[in-house]
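Subject: Structure for you to look at

Hi there,

Here is the structure I promised to pass on. Please open it alongside this email, and my notes will follow below.

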Amino acid sequence: MNNFLNLDNFTTREINNLIKEALIYKNDESKIPCLNKYVASMFLEPSTRTKTSFEIAALKSGCKVINIEQKTSALQKGETLEDTLLTLESLGVSSIIIRSEIDYYYKDLNTNNIKIINAGDGVQSHPSQCLLDLVTIYEQFETIEGLKILIMGDVLHSRVARSNINIMKKMGMEVLVYAPSIYKSDDEFNYIDNLEETLKSVDCVMLLRNQLERHHNDEINIQTEYLKKYGLTKKRSDLLKPNAIIMHPGPFNRDVEIESSVLSDKRCKINTQVTNGVYARIAILNYVLGEK
Ligand code: CP
């Protein structure tokens with residue numbers, strides 16, 4: 001069995017295989033493997049999509065899901081995360097899906113056999129989101145290599161951006177990044193300034209949520225002016241190519257990153273991303289728990 005912590009150590013071939021595997025399950029659910037294991041779900045940060053999606057993926061794969069709630073778990077009594085994992089392992093849990101606000105929370109965990117599936121760590125990584133985004137792009141274009149994507153928004157606080165930018169570049173995409181100066185990170189991303197011109201040429205535009213819970217400085221709370229200055233307005237979406245797609249990992253701040261009317265644009269794939277998340281996560285569970 002394997003951990004699934006991020007996609008950095010996967011080859012492009014392995015990532016392509018996971019994408020295709022997810023689409024096989026989407027097109028024919030009878031091909032979903034029966035994994036028949038106990039899987040725990042521990043979200044130490046809020047989540048709707050990732051939590052529910054992993055749980056549905058686990059149930060569709062014949063697993064039993066155990067929810068560990070932060071407020072009622074022994075973490076509240078001072079038990080360390082590592083000791084909690086060892087306890088769950090002793091109870092017969094094979095794998096645990098964890099989201100934490102701590103960057104690289106998994107790094108120094110010394111566990112035996114329980115396998116960790118990273119459902120998001122701080123501002124670093126959100127590998128299952130990255131995989132479902134790639135599934136959505138591949139499903140639309142039947143390729144990934146050679147496509148051009150613009151990722152725009154609160155890059156500084158976004159684990160989705162950090163996961164996607166590196167992996168999409170590795171997969172052969174041209175990745176452009178746009179952010180207000182206060183949301184730019186120190187990473188050597190390919191930042192662009194001319195939003196309108198860039199929108200005309202990209203195959204995909206991915207919006208990022210303004211992560212207010214990670215903003216510790218009131219000066220960067222610019223929600224009210226955001227859409228007009230930096231968001232995907234209807235007017236800006238009209239610049240996109242007819243076959244371009246609009247993505248957002250969700251949850252979105254309506255009329256902040258994205259104007260409400262853009263949500264009903266037929267090029268908007270946000271709901272498709274959510275659906276694809278279930279099948280991408282079945283492929284992840286099979287990678288972690290399936291027979292090798
Ligand atoms: N995209 C995403 O991670 O959404 P949730 O926070 O609802 O899981």
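Let me start with a question: which residues surround the ligand? They are Pro46, Ser47, Thr48, Arg49, Thr50, Arg99, His126, Gln129, Pro249, Gly250 and Pro251. Please keep in mind that this is a predicted model. Sorted by class, that shell holds three nonpolar, six polar and two charged residues.

**Contacts with the ligand**

Thr50 places a polar side-chain atom 2.6 Å from an oxygen atom of the ligand. For His126, an N or O atom in the side chain is 2.8 Å from an oxygen atom of the ligand. Gln129 has a polar side-chain atom 3.1 Å from a nitrogen atom of the ligand. On its own, the ligand has 260 Å² of accessible area, and the protein covers 91% of this.

**The pocket**

Where does the ligand sit? The space it takes is the largest pocket. This pocket has a volume of about 390 Å³, and 20 residues line it. Nearest the centre of the pocket are Pro46, Arg99, Arg159, Arg209 and Pro251. Two or more lining residues come from each of the helices α2 (49-60) and α5 (159-170). The lining divides into five nonpolar, eight polar and seven charged residues.

**Backbone points to check**

Most residues other than glycine have a negative phi, and most peptide bonds are trans.

- Pro251 is in the loop between β8 (245-247) and α9 (270-289).
- You will find Asn36 in the loop between α1 (12-27) and β1 (38-43).

Best wishes

Definitions and conventions: Residues numbered from 1 in each chain as written. Predicted model: local features only at pLDDT ≥ 70, side-chain atom pairs only at ≥ 80, totals over all residues. Heavy atoms only, no water. Near = heavy atom within 4 Å. Polar contact = N/O pair within 3.5 Å; in protein donor to acceptor, adjacent residues only side chain to side chain. Areas by Shrake-Rupley, 256 points an atom, 1.4 Å probe, with all protein chains shown as cover. 1 Å grid on protein atoms, 1.4 Å probe; cavity = no way out; pocket = protein on both sides within 12 Å on 5 of 7 lines; lining within 4 Å. Sits in = over half its atoms within 2 Å of the grid points. Nonpolar A, V, L, I, M, F, W, Y, C, P; charged D, E, K, R; others polar. Points joined across faces, edges and corners; volume = space filled by probe spheres on them. Helix = DSSP H or I, 4+ residues; strand = E, 2+ residues; numbered from the N terminus.
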